[in-house]
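Take them in order, with the viewer open.

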Amino acid sequence: MAAGHGVRMGSALPKQFIELGGKPILQRTIECFVRAVPDIKVVTVLPKEYMQGWKDLCTRNNFYYPQILVEGGITRFHSVRNALKKVPDGAVVAIQDGVRPLLTPELVARMFERMESCRALIPVLPSIDTLKVLRRVRDAAGEETLETIPDAVLDRETVFRAQTPQMFLSEDIKAAYGQAFDTAFTDDASVAQRKNIPLSYIEGERYNIKITTQDDLDFANAILSIRNWQ
């Protein structure tokens, strides 16, 4: 999934095409899956106006792995729906954010192995921070502030952060994305859950971050240098 325009990055170039360690972020993400499953079929969802630009980037970086290119939709939900039209029945589908380039092939391989015994698999990490339940309010001057919601408490032991890839049986997830769009759909797991698809979970990875801001990019470059990835 690489159909976003990355406005929070503050760059003229969408973040999925920005270089990380000498390669486009999106290329690094795809390479992880290819290392884990060499014959994997890749469907890459892009903004319409960057289709040719991505092809040119792949050529310049000698990245010739076959991909089916799909035009993104008005939301991530619609982009995933577009991509699933290219997926056959009888497959395991891994839906990955194109800007999570630091996951390891080991996690991908481990997840595909687990999918032999479950219908949906979501990588998660426990929350290590103290959590506050707050609401945004505006004062008389129009300034936005945060205030406590009385009696609202989250138990940190029961709160986990979801990551991608999120894996599903193709028939299940295609049926789930046949539902009408709802703003409550925050990830693929929430779409599947609405369709009563049972979800299983696996421990994710600390450095499988989604690159959204310049700080995220700086952090990813630091991790990449420590790992000494090519």
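**Notes on a predicted model**

1. Let's begin with a loop: Ser127 is found between strand 6 (120-126) and strand 7 (134-138). Keep in mind that this is a predicted model. Ser127 has a relative accessible area of 12%, so it is buried. Leaving aside residues up to four places away in sequence, Ser127 touches Arg156, Val159 and Phe160.

2. Next, the pair formed by helix 1 (residues 25-36) and helix 4 (residues 105-114). In general, two packed helices are described by the angle between their axes and the distance between the axes. Here the angle is about 55° and the axes are 8 Å apart. That angle makes helix 1 oblique to helix 4. As for handedness, helix 1 passes helix 4 in a right-handed crossing. On the helix 1 side the contact is made by Cys32, Phe33, Arg35 and Ala36, and helix 4 brings Pro105, Val108 and Ala109. Sorted by class, this contact has six nonpolar residues, one charged and no polar.

3. Stay with helix 4 for a moment. Which of its residues are buried? They are Pro105, Leu107, Val108, Met111 and Phe112. Around the axis they cover an arc of only 160°, so they sit on the same side of helix 4. Glu106 and Glu113 are on the other side of helix 4, and they are exposed. What covers the buried residues of helix 4? The cover includes helix 1, strand 5 (92-95), strand 6, strand 10 (166-169) and strand 11 (200-203).

4. Is Thr104 buried or exposed? Its relative accessible area is 13%, and the cut-off for buried is under 20%, so Thr104 is buried. For a sense of distance, Thr104 and Gln179 are 75 residues apart along the chain, and their C-alpha atoms are separated by 32 Å.

5. After helix 2 comes Asn62, with a positive phi near 55°.

6. Now for some backbone details worth checking by eye. As a general rule, most residues other than glycine have a negative phi, and most peptide bonds are trans. Against that background, look at Asp151: its phi is positive, near 65°, and it is a residue other than glycine. Asp151 is in the loop between strand 8 (144-148) and strand 9 (160-162). With a relative accessible area of 81%, Asp151 is exposed. Then there is the peptide bond from Thr164 to Pro165, which is cis, with omega near 15°. Pro165 itself lies in the loop between strand 9 and strand 10.

7. Asn196 is not a glycine, yet its phi is positive, about 65°. It is exposed, with a relative accessible area of 66%. Ile197 is placed in the loop between helix 6 and strand 11 too, but at 6% relative accessibility Ile197 counts as buried. What does Ile197 touch? Not counting residues up to four places away in sequence, the list is Arg119, Ala120, Asp172, Ile173, Ala176 and Ala192. Ile197 and Leu169 are 28 residues apart along the chain, with 9.9 Å between their C-alpha atoms.

8. Last stop: Gln214, which lies in helix 7 (residues 214-227). Its relative accessibility is 41%, so Gln214 counts as partly exposed. From C-alpha to C-alpha, Gln214 and Glu171 are 38 Å apart in space, and in sequence they are 43 residues apart.

Key. Residues are numbered from 1 along each chain as its sequence is written. This is a predicted model: local features need pLDDT of at least 70, side-chain atom pairs count only at pLDDT 80 or more; totals for chains, interfaces and linings use all residues. Side-chain values use heavy atoms; hydrogens and water are left out. Axes are lines fitted to C-alpha atoms, for helices over the stretch in contact, and angles run from 0 to 180 degrees between N-to-C directions. Helices (H or I, at least four residues) and strands (E, at least two) are DSSP runs, numbered from the N terminus. Angles under 35 degrees count as roughly parallel, over 145 as roughly antiparallel, 65 to 115 as roughly perpendicular and the rest as oblique. A crossing is left-handed if the near helix is turned anticlockwise from the far one by less than a right angle, and right-handed if clockwise. Contact means heavy atoms within 4.5 Å. Ala, Val, Leu, Ile, Met, Phe, Trp, Tyr, Cys and Pro count as nonpolar, Asp, Glu, Lys and Arg as charged, and the others, Gly among them, as polar. Buried means under 20% relative accessible area, exposed over 50%, partly exposed in between (1.4 Å probe, protein chains only). The arc is that of the directions from the helix axis to the C-beta atoms.
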